[in-house]
Structure formats: C-alpha cells, structure tokens
Amino acid sequence: MAAGYQLPADYGYIALVVAESWILLNYLGFQVMKARKKYDVQYPKLYSETSNEFNCIQRAHQNTLEVYPQFLAFLLLGGLQMPRLSAVLGNIWLVSRVVYAHGYYTFDPSKRNRGAFGYIGLLGLLVNTVLFGLNSTGFI
C-alpha cells in the first residue's frame with residue numbers, strides 16, 4: 001500500500017468483529033476449562049481416552065481455533081474494501097460457531113453441522129479478500 005493510505009471510514013465495524021471474536025474464543029475456552037474439571041481431564045492431555053463428552057466440547061473449541069487465522073486474515077483484508085459487508089459476514093461466521101459448538105455440546109457430533117451456515121460468512125470474506133487483492137493490484 002502506498003504511504004498515506006487511510007482506512008475506510010467504516011473500518012471500525014471490523015475492529016468490533018475482531019473484539020467479538022475474542023469474546024467467542026474465550027467463551028469456548030471457558031467451556032473446555034469447565035469440562036476438564038467435570039470429566040477429570042488433566043493437562044497436558046488435549047483429549048480424553050474415556051470421555052466422549054469432553055472430546056466433543058474440546059473439538060468445538062479446537063476446530064474454531066483451526067480456522068481462526070484464516071477468518072481473521074479474510075476479515076481484516078476484505079474489510080479494507082468492503083467493511084460493512086465484511087462485518088456482516090464476520091458476524092455470520094461468529095454466530096455459526098456458537099451454533100456449531102452447542103450442536104457439539106449435545107454429545108451427538110452430527111449436530112455440529114447446524115453451524116454449517118458459517119461457510120456463507122467465511123467464503124464471503126474470502127471473496128471480499130480476493131476482490132480487494134484484484135482491485136488493489138489493478139486487475140479490476
């Protein structure tokens with residue numbers, strides 16, 4: 001980017017979604033901490049050999065962490081061109097992660113798929129990021 005680049009006026013919405021995502025990660029992490037005590041899973045074990053219930057709670061958190069770097073990159077970059085749309089798509093993804101986790105918390109892993117609508121948000125952010133890249137390089 002050229003010197004003197006200014007963030008879009010609405011980029012503050014992106015900052016709010018980043019803060020919301022921090023709250024989500026802490027919520028999911030807190031659920032794992034509670035489950036560690038309830039199901040007696042000691043550190044440094046990531047998963048339990050005896051408790052499927054704990055493993056479901058842990059997977060909800062772990063899977064979110066696995067995709068979180070891509071989510072943040074797409075949100076921050078795509079938001080440079082379309083901050084409001086990116087914020088909406090980011091919130092769709094965040095809500096879907098709560099639905100995903102609570103599906104897992106039923107201890108029927110197939111119910112995690114209730115949160116699959118989050119791909120609308122994540123793929124939308126990917127499209128925004130690609131459009132930003134193409135636009136900023138002069139390809140479109």
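Q: Where does Gly79 sit?
A: Gly79 is in the loop between helix 2 and helix 3. Keep in mind that this is a predicted model.

Q: Buried or exposed, that Gly79?
A: Gly79 is buried, because its relative accessibility is 0% and the cut-off for buried is under 20%.

Q: What is Gly79 in contact with, past its sequence neighbours?
A: Setting aside residues within four places in sequence, Gly79 is in contact with Pro8, Tyr11, Ile14, Phe74 and Ser86.

Q: How many residues apart are Gly79 and Pro8 in sequence, and what is the C-alpha to C-alpha gap?
A: They are 71 residues apart in sequence. In space, the C-alpha atoms are 8.5 Å apart.

Q: Let's zoom out. How many helices and strands in the protein chain?
A: The protein chain has 4 helices and 0 strands. Read from the N terminus, the order is α-α-α-α.

Q: And what does the C-alpha trace span?
A: About 55 × 25 × 20 Å along the principal axes.

Q: How much of the chain is buried?
A: Of the 140 residues in the protein chain, 39% are buried.

Q: What share of contacts comes from residues 24 or more positions apart?
A: Such pairs make up 70% of the contacts in the protein chain that have a separation of 6 or more.

Q: Where does UniProt put a transmembrane region?
A: The unreviewed UniProt entry places that feature at residues 12–30 and at residues 116–134.

Q: What does the model show over residues 12–30?
A: That stretch is 100% helix and 0% strand. Its end C-alpha atoms are 27 Å apart.

Q: And over residues 116–134, how much helix?
A: There the chain is 89% helix, again with 0% strand. The end C-alpha atoms of residues 116–134 are 28 Å apart. Helix 4 itself runs over 118–136.

Q: New topic: pockets. How much space lies in the largest one?
A: About 200 Å³.

Q: How many residues line the largest pocket, and which lie nearest its centre?
A: The lining has 13 residues. Nearest the centre are Asn63, Arg97, Tyr100, Gly115 and Tyr119.

Q: Which helices each supply at least two residues of the lining?
A: Helix 2, helix 3 (83–104) and helix 4 each do. Helix 3 gives the most, with 4 residues.

Q: How does the lining divide into nonpolar, polar and charged?
A: The lining of the largest pocket has 6 nonpolar, 5 polar and 2 charged residues.

Q: On to Ser48. Where is it?
A: Ser48 lies in the loop that joins helix 1 (12–38) and helix 2 (52–78).

Q: Is Ser48 buried or exposed?
A: Buried, because the relative accessible area of Ser48 is 12%, with the limit set at under 20%.

Q: Which backbone nitrogens does the Ser48 side chain reach?
A: The Ser48 side chain reaches the backbone nitrogen of Thr50 at 3.0 Å. It also reaches the backbone nitrogen of Ser51, at 2.8 Å.

Q: What else is in contact with Ser48, leaving aside neighbours within four places?
A: Val41, Phe54 and Asn55.

Q: What does Leu131 touch?
A: Not counting residues up to four places away in sequence, Leu131 touches Gln81, Met82 and Ile140.

Q: What separates the C-alpha atoms of Leu131 and Leu75?
A: They are separated by 13 Å, with the two residues 56 apart along the chain.

Terms used. Residues numbered from 1 in each chain as written. Predicted model: local features only at pLDDT ≥ 70, side-chain atom pairs only at ≥ 80, totals over all residues. Heavy atoms only, no water. UniProt positions renumbered as here; feature names shortened; annotations may be inferred. Buried < 20%, exposed > 50% of the residue type's maximum accessible area, 1.4 Å probe, protein only. Polar contact = N/O pair within 3.5 Å; in protein donor to acceptor, adjacent residues only side chain to side chain. Contact = heavy atoms within 4.5 Å. 1 Å grid on protein atoms, 1.4 Å probe; cavity = no way out; pocket = protein on both sides within 12 Å on 5 of 7 lines; lining within 4 Å. Points joined across faces, edges and corners; volume = space filled by probe spheres on them. Nonpolar A, V, L, I, M, F, W, Y, C, P; charged D, E, K, R; others polar.
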